[in-house]
Amino acid sequence: MRDAEDPMEIYLRHRSERSDQGLPPHAMSTQQVLELVTTLRQGTAIVTPDEAIDLLTTQVPAGVDSAAQVKAEFLAAVARGELRLDVLSARKAASLLGTMLGGFNVEPLVSLLDDPDVGDVAAAALSSTILVFNHFDRVVTKAENGSAMAQQVLTAWANAEWFTARPPVPDSLDVVVFRVEGEITTDDLSPATEVWSRPDVPLHALSMLRNARPGVVPDEDGRRGPLAQLQALRQTGRQIAFVGDVVGTGSSRKSATNSLLWHIGVDVPFQPNKRGGGVCLGASFAPIFFNTLQDSGCLPIEVDVTGLQTGDLITIRPYAGQIIGPGPAASRPFELKGPLLLDEVRAGGRINLILGRRLTAKARQYLSLPACTVFRQRPRQATPAHGFTLAQKIVGRACGLPPGQGVRAGTYCEPRISTVGSPDTTGPLTREELKDLACLEFSADLVLQSFCHTVAYPKPADIRVQRELPGFITARSGVSLRPGDGIIHSWLNRLALPDTVGTGGDSHTRLPVGISFPAGSGLVAFAAATGAMPLDMPESVLVRFRGTPRAGVTIRDLVHAIPLFARHQGLLTLEKAAKRNVFAGRILEIEGLTDLTAEQAFEFTDASAERSAAACAIQLGIPAVSAYLKSNIALIRRMIETGYNDRATLERRLSAMEAWLDAPTLLQADADAHYAAVIDIDLQEIAEPILCCPNDPDDARFLSEVAGTQVDEVFLGSCMTNITHFQVASELLDGSTPVPARLWVAPPTRMDADQLREEGRFASFVRAGARIETPGCSLCMGNQARVRDGATVVSTSTRNFPNRMGDGAKVFLASAQLAAIASRLGRLPDAAEYMAAMIDVEAAAGA
């Protein structure tokens with residue numbers, strides 16, 4: 001008798017339970033695959049042999065998952081003839097090896113090339129495999145030693161058979177519309193409150209559009225209806241096109257893409273619970289969401305969607321650039337964003353296309369063949385006469401261009417990625433993407449994993465991630481923070497190098513030194529694994545500050561001045577239909593504030609996410625960056641002393657910082673650099689605080705326009721804050737009895753919390769009745785702690801989208817100074833009250 005329940009019995013019960021919920025089962029675990037293999041070897045009857053082969057084929061993760069390793073070793077033994085089974089032939093086993101993407105299956109396939117019985121099957125399997133990495137040289141060696149099958153594989157790679165075997169995008173697509181009105185945030189598609197279920201894509205997809213939206217109606221029996229509407233549209237037999245005005249603003253892009261494609265995409269063969277493809281139409285897209293759709297093999301099209309309604313039958317002609325259907329315009333023209341988009345869809349995603357093209361180019365170079373003509377090519381661009389922006393020079397350096405040169409807007413490039421951030425909300429997804437990419441060692445110089453979004457009130461799923469993910473990251477030479485250390489951005493910024501390029505799986509990965517291009521978890525995994533990322537260099541918009549800030553005006557007010565002045569110039573509108581946003585998809589560059597500290601600079605770069613900017617670069621002075629790096633070096637030394645891993649990675653970054661300090665230089669924009677737009681802001685025109693009003697981070701207004709508004713709750717925290725904000729807030733609250741507004745205080749890092757405690761600052765917060773949170777994101781994301789339903793809130797957080805911090809909450813975004821004063825009064829002060837309170841704390845405010 002067995003002491004524990006059989007793993008396969010557990011899996012079969014799980015499959016039955018999921019079926020009752022209308023969900024497919026999870027992929028099989030390592031122990032379950034081991035038991036499945038034992039079943040096949042011994043002929044036991046837990047499942048039939050045919051069912052066991054089906055499970056092995058369809059329910060085991062690909063890549064370098066440990067379950068995939070068990071599968072690959074078993075199939076290799078059968079393919080080599082070491083294990084003979086009636087139900088699985090050697091040729092079938094070799095063919096199944098070819099469905100595992102790459103990683104543990106490649107070595108046995110290469111070894112099988114010379115096998116007289118299955119060599120042709122192995123060659124066919126390798127011909128469609130692009131994740132071969134260092135095994136390419138083994139195939140070359142075999143070919144040079146006379147292996148006809150190895151030569152066949154090299155020829156297939158050179159001819160891009162991995163690509164040509166896939167069907168091209170058809171000339172015409174007949175689809176049915178599913179329309180959601182207004183701005184669709186990634187919180188609508190992937191609610192922050194359900195972050196714990198993101199790795200379980202089918203389950204998480206059930207929460208999509210759970211909040212009421214215009215045009216999305218409940219079912220007749222009173223249940224919410226979006227998913228029922230989608231189910232009804234599937235009955236038409238047409239592919240569904242998801243349609244919106246502004247699509248994908250916010251964070252958590254990959255989980256949002258996963259949810260969307262679960263409802264409108266197609267199953268990815270041999271990969272459990274993964275879907276790709278699909279069609280998405282939008283008047284505009286958030287750039288990161290657009291890129292994540294590209295990476296998933298979806299076809300995103302920017303087009304006028306006026307008049308399109310759920311249930312409309314339309315025809316998309318992707319090559320002709322035309323949509324035929326109902327509405328005010330029976331024919332809607334469009335231009336695909338990027339000349340390679342149709343190739344990306346055919347390849348199953350942008351990452352597949354990049355890796356496959358690299359493999360094809362490598363094979364053709366070895367075979368002394370000319371460049372491949374199978375793929376679409378980017379048109380050659382004329383070389384402008386003007387100079388380069390700061391962002392263009394930073395990216396140019398990362399691409400290895402000569403000093404002084406930059407990457408022009410519209411140019412495709414693959415810059416080296418120096419720093420990669422992975423937060424806990426996307427970390428499990430990135431882990432799976434890394435497995436799919438067969439990554440066993442990071443090529444990016446530094447990869448950092450945090451646990452900041454789920455640390456305060458973790459669910460069982462969060463605890464599992466906190467236990468399992470650090471080892472996965474450090475085993476690949478990454479650095480893992482510890483639960484309670486604080487927000488990833490506050491740490492990643494301090495580990496970054498000047499004038500380098502970074503990326504991360506949170507939209508607020510916006511380095512104050514250098515530049516970063518946030519991405520979905522798939523592209524983050526690609527950057528971590530390969531040390532580079534694909535980039536169609538965006539245009540830049542310059543915001544130029546002039547003059548000296550007036551008394552009482554904070555850095556946060558200057559941050560909010562950007563959307564305010566952009567609206568005054570007609571470059572930004574609040575309306576979502578036909579919305580105008582000059583920053584969307586472009587790089588926001590900032591000049592005129594060279595005396596900023598790096599922490600203050602991050603307030604600007606961080607908030608560029610709310611502008612839907614692709615990235616942000618800010619010109620700082622060498623003294624500020626030098627002071628920042630000296631402090632960061634001390635931090636890294638403490639990390640090494642206290643046992644953070646990977647030690648070698650931290651030591652390498654420490655040496656790079658010291659080398660920069662030995663010869664400090666910073667890139668600068670050329671005087672004749674070209675920008676898509678220039679916004680000049682006279683600091684003397686800002687005489688009072690600026691807030692972003694409920695519930696739109698673009699709705700920036702002066703305090704005098706909203707003074708007197710009752711405030712129910714105040715949140716002091718998020719990555720937009722640093723130690724000085726809490727210090728000045730404590731002074732503004734000092735001596736206060738419990739304040740009328742419910743006050744939340746969440747220091748961004750453990751170091752900040754320790755310092756505030758040592759300085760006695762927490763006493764002021766406690767006397768004010770504050771709820772002091774664990775260092776981390778707390779209310780900012782609203783995935784754990786939340787404000788009361790319908791509350792009016794003043795928050796120092798990053799964004800104020802509807803329902804993000806609480807159901808029906810009306811959220812103002814403001815400085816820590818204004819937030820503290822509002823908590824003390826229970827309302828927004830008028831400008832005179834605010835200035836009177838600020839007189840005694842001006843120096844501490846650092847404004």
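Predicted model: local features only at pLDDT ≥ 70, side-chain atom pairs only at ≥ 80, totals over all residues.
Buried, in this talk, means under 20% relative accessible area, exposed means over 50%, and partly exposed is in between, with a 1.4 Å probe and protein chains only. Hello everyone, and with that settled, let's begin.

Residues are numbered from 1 along each chain as its sequence is written, and side-chain values use heavy atoms, with hydrogens and water left out.

Let's start with strands. Helices (H or I, at least four residues) and strands (E, at least two) are DSSP runs, numbered from the N terminus. Please find strand β12, residues 446–449. L446 and L448 point one way from β12, V447 and Q449 point the other way, and all are buried.

Which strands pair with β12? Pairing here asks DSSP to find at least two bridges between two strands. β11, residues 419–422, pairs with β12 in the parallel sense over four bridges, and in that pairing S422 stands opposite Q449. Strand β13, residues 479–480, also runs parallel to β12, joined by two bridges. There, L448 stands opposite V479. Between β12 and β13 the chain crosses through helix α20, residues 460–474, and this β-α-β crossover is right-handed. By right-handed I mean that, with the strands pointing away from the viewer, the path from the first strand over the helix to the second runs clockwise. β11, helix α19 (residues 427–436) and β12 also make a right-handed β-α-β unit.

Among the buried ones are L818, I821 and S823. Just after α30, G826 takes a positive phi of about 75°.

On to charges. Side chains of opposite charge can pair when their charged atoms come close. My criterion for a salt bridge is a side-chain nitrogen of Lys or Arg within 4 Å of a carboxyl oxygen of Asp or Glu. How many does a search of the whole structure find? It finds 44 salt bridges.

Take R611 and D698, whose closest N and O atoms are 3.0 Å apart. This pair links distant parts of the chain, 87 residues apart, with R611 in the loop between α24 and β19 and D698 in the loop between β21 and β22. R611 and D698 are both buried.

R701 and D699 form another salt bridge, with closest N and O atoms 3.0 Å apart. R701 counts as partly exposed because its relative accessibility is 29%, and D699 counts as buried because its value is 6%.

In a further salt bridge, D734 and R767 have closest N and O atoms 2.7 Å apart. D734 lies in the loop between α27 and β24, and R767 in helix α29, so the pair ties together parts 33 residues apart in sequence. R767 is partly exposed, at 38% relative accessible area. Salt bridges that share partners also join D65, R431, E432, K435 and E468 into one network.

Finally, cysteines. The disulfide cut-off is a pair of cysteine sulfur atoms within 2.5 Å, and the structure holds zero disulfides. C777 counts as buried at 7% relative accessibility, and C780 counts as buried at 7%.
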